[in-house]
Amino acid sequence: MRNPKVVLNSLTSKAQNKTYVFERLYRNLYNTEFYLAAYAKLYSNKGSNTKGVNNDTIDGISLERIERLIEKLKEQSYQPKPARRTYIPKKNGKPRPLGIPTFEDKLVQEVVRSILESIYEPQFSNHSHGFRPNRSCHTALKEIRNTFTGTRWFIEGDIKGFFDNIDHHVLIGLLRKRIRDEKLINLIWKFLRAGYVEEWTFHKTYSGTPQGGIISPLLSN
């Protein structure tokens, strides 16, 4: 099996060509090494033991379960479970919805995220600092320090309910511009349409990428 770093570096290299269209990406989901790398990354997260709609946590994962997961992906019978919805307070005191996937779904999402990030990071604006690797408010401030020449006005803007209102068809249309692999596209559709459970009631999702989903920040960008 190919080393994930080699695969991802190859994707990043090809992504430099803005006209390059990617094919046969889905087969990377058959590579156990990708899940071990995803496990290592998720293990250090504070929320790795947070339960989704079932009792699964990172402690319940094993190589055997990963292999069973890969078999489902090969058969295309894998179906993400709905996220468990909870709420966290925003700065203004209002609640922000947060979707918590099951750990198996987190694992698959992390593998997909690593693939998509290798493709799309090279084409994102250098002035964009939100929800990106090695970027934050601090890197934005450094850019301002190096380029700022003064201004009379600062305008703060916010897109209300942005994550919850992303149009699925527009998003998939954008992905298809660079990805010619319907198996991977269909898997992303499954994540988008998995729905969520709140107060023991299932809700369908017709738009948006649920906050809390590992691939959501990348898809929003």
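Trainee: A salt bridge here is a side-chain nitrogen of Lys or Arg within 4 Å of a carboxyl oxygen of Asp or Glu. How many salt bridges does the structure hold?

Mentor: Ten of them. Keep in mind that this is a predicted model, where local features need pLDDT of at least 70 and side-chain atom pairs count only at pLDDT 80 or more, while totals for chains, interfaces and linings use all residues. Residues are numbered from 1 along each chain as its sequence is written, and side-chain values use heavy atoms, with hydrogens and water left out.

Trainee: Okay, pick one. Which residue does Asp164 meet in a salt bridge?

Mentor: Arg85, at 3.9 Å from N to O. Asp164 sits in helix α6 (residues 162-165) and Arg85 in strand β2, so the pair ties together parts 79 residues apart in sequence.

Trainee: Is Arg85 buried or exposed?

Mentor: Buried, at 18% relative accessibility, whereas Asp164 is partly exposed at 27%. The cut-offs are under 20% relative accessible area for buried and over 50% for exposed, with partly exposed in between, using a 1.4 Å probe and protein chains only.

Trainee: What does Glu110 form a salt bridge with?

Mentor: Lys41, and the closest N and O atoms are 4.0 Å apart. Glu110 belongs to helix α4 (residues 103-120) and Lys41 to helix α2 (residues 32-43), so that pair joins parts 69 residues apart in sequence. Glu110 is buried, with a relative accessible area of 6%, but Lys41 is partly exposed at 44%.

Trainee: And which residues are linked with those two in a network of salt bridges?

Mentor: Arg113 and Glu117 join Lys41 and Glu110 in that network. Glu117 and Arg113 meet at 2.6 Å, N to O. They are both in α4, four residues apart, which is about one turn of the helix. Arg113 is buried at 11%, and Glu117 is partly exposed at 22%.

Trainee: Staying with α2 and α4, at what angle do the axes cross?

Mentor: Roughly 110 degrees, and the axes come within 9 Å. Axes are lines fitted to C-alpha atoms, for helices over the stretch in contact, and angles run from 0 to 180 degrees between N-to-C directions. The two helices are therefore roughly perpendicular. The classes are under 35 degrees for roughly parallel, over 145 for roughly antiparallel, 65 to 115 for roughly perpendicular, and oblique for the rest.

Trainee: Which residues of α2 make the contact?

Mentor: Phe34, Tyr35, Ala38, Tyr39, Lys41 and Leu42. From α4 the residues include Phe103, Leu107, Glu110, Val111 and Arg113. Contact means heavy atoms within 4.5 Å.

Trainee: How do the residues of that contact divide?

Mentor: Ten nonpolar, one polar and four charged. Nonpolar covers Ala, Val, Leu, Ile, Met, Phe, Trp, Tyr, Cys and Pro; charged covers Asp, Glu, Lys and Arg; the others, Gly among them, count as polar.

Trainee: New topic, the sheet. What order do the strands have?

Mentor: β3-β2-β5-β6, an open sheet of four strands with mixed pairing. β3 and β6 (201-203) are at the edges with a single partner strand each, so one side of each has no neighbour in the sheet. The twist averages 40 degrees from one strand to the next.

Trainee: How many bridges join β2 to β5?

Mentor: Two, between β2 (residues 83-89) and β5 (residues 196-198), which run parallel. Two strands pair if DSSP finds at least two bridges between them. Ala83 stands opposite Tyr196 there, and Tyr196 also stands opposite His203 in β6. β5 and β6 run antiparallel, joined by three bridges.

Trainee: And how many bridges do β2 and β3 pair over?

Mentor: Six, in the antiparallel sense, with β3 covering residues 95-100. Arg84 is opposite Ile100 in β3. The hairpin of these strands has five residues between them, and Gly93 takes a positive phi near 90 degrees.

Trainee: Last one: where does Thr209 lie?

Mentor: In the loop between β6 and α9 (216-220). Thr209 is buried at 1% relative accessibility. Leaving out residues up to four places away in sequence, Thr209 touches Phe163, Ile166, Leu171, Leu192, Ser216 and Leu219.
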